Amino acid sequence: MPTYIVLLGPPGVGKGTQARILAEKTGLKHVSSGDLFRENLKNQTELGQLAKSYMDKGELVPDDVTINMIKARISQPDCEAGAILDGFPRTPAQADALEVMLKDFNGAVNTVPFITAAEEILVERAGGRWTCRAQGHIYHEKFNPPKQVGVCDIDGSEVYQRDDDKVEMVAKRIRVYIEQTMPLVEYYRGAGVLAEIDGAQAVDNVTQSLLSALDKSSKAK
Ligand code: ADP
Ligand code: ADP
């Protein structure tokens with residue numbers, strides 16, 4: 001049976017950073033809805049244009065568009081063993097749709113690490129985030145700067161600040177998260193798959209907490 005991990009948590013808490021590390025350690029594919037939208041935007045697709053109009057305002061892209069994009073991505077052969085979902089689902093309708101699509105793949109959401117940190121930490125992290133243009137590698141101006149300013153260590157592409165990482169936008173995105181995504185915490189807690197993780201720790205310690213939560217949930221089965 002495939003394994004699906006859903007990383008839940010507010011903007012800036014460290015989901016993308018951890019998803020990349022977990023993907024390497026587990027061999028599961030990292031699927032980030034935000035990265036997929038940004039890739040579409042870079043390639044100037046219709047979906048990218050549509051997503052931009054919402055992302056620029058710090059609002060969520062409509063459920064049907066988002067659900068179809070994720071379904072197409074996790075249906076690819078490289079997700080046969082499962083995936084680490086980062087940034088999806090973000091609404092109850094997306095969570096319901098995910099449940100239905102995973103049944104088609106003979107799977108289910110196995111573990112939902114819920115990563116949290118105080119709002120000041122989120123604003124500081126997202127506000128100082130730098131993102132690589134080519135592949136979305138993640139840096140921070142203070143906590144994890146690239147060796148050469150503005151250049152990705154891994155692929156040499158430009159490293160830039162996302163428009164929606166400007167401080168006013170981060171605050172708006174946190175509000176949207178509280179209103180639209182927080183209800184998923186209770187949804188997954190009720191399903192017995194939630195694992196609370198302290199995201200205020202250093203990157204390595206968060207990874208250790210995540211690995212031990214994944215280990216526990218695989219033993220519980
Ligand atoms: P999310 O995907 O949840 O929005 P990211 O993984 O992109 O979050 O991280 C947001 C910012 O915080 C990035 O600049 C990243 O380098 C930095 N960051 C992530 N985890 C930590 C951590 N544990 N300690 C300090 N900075 C972190
Ligand atoms: P962060 O992890 O910092 O919140 P993301 O890269 O996940 O940032 O998301 C950036 C933007 O992309 C969101 O503000 C939203 O407009 C859009 N987006 C990403 N994932 C979803 C989703 N599951 N549903 C709707 N919109 C989404």
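This is a predicted model: local features need pLDDT of at least 70, side-chain atom pairs count only at pLDDT 80 or more; totals for chains, interfaces and linings use all residues.
Residues are numbered from 1 along each chain as its sequence is written, and chains are lettered from A and ligands numbered from 1 in the order in which they are written. Local features need pLDDT of at least 70 and side-chain atom pairs count only at pLDDT 80 or more, while totals for chains, interfaces and linings use all residues, and side-chain values use heavy atoms, with hydrogens and water left out.

Around ligand 1 there are 17 residues (a heavy atom within 4 Å), and Gly-12, Lys-15, Thr-17, Arg-129 and Tyr-139 come nearest. This shell has eight nonpolar, six polar and three charged residues, where Gly counts as polar and Tyr as nonpolar. At least three residues come from each of domain 1 (3–117 + 172–220) and domain 2 (128–165), with bounds from an automatic or database assignment. The table gives polar contacts, which are pairs of N or O atoms within 3.5 Å.

| Residue and its atom | Atom of ligand 1 | Distance |
|---|---|---|
| Gly-16, polar backbone atom | oxygen | 2.8 Å |
| Arg-125, polar side-chain atom | nitrogen | 3.3 Å |
| Tyr-139, polar backbone atom | oxygen | 2.7 Å |

Taken alone, ligand 1 exposes 560 Å², of which the protein buries 91% (Shrake-Rupley method, 1.4 Å probe).

Arg-38 belongs to helix α2 (residues 33–42), a DSSP run of H or I with at least four residues. Because its relative accessible area is 18%, Arg-38 counts as buried, a term that means under 20% (1.4 Å probe, protein chains only). Leaving aside residues up to four places away in sequence, Arg-38 touches Met-55, Tyr-160 and Arg-162, with heavy atoms within 4.5 Å.

Note on methods. A polar contact is a pair of N or O atoms within 3.5 Å; within protein, one must be able to donate a hydrogen and the other to accept it, and residues adjacent in sequence count only if both atoms are side-chain atoms. Helices (H or I, at least four residues) and strands (E, at least two) are DSSP runs, numbered from the N terminus. Buried means under 20% relative accessible area, exposed over 50%, partly exposed in between (1.4 Å probe, protein chains only).
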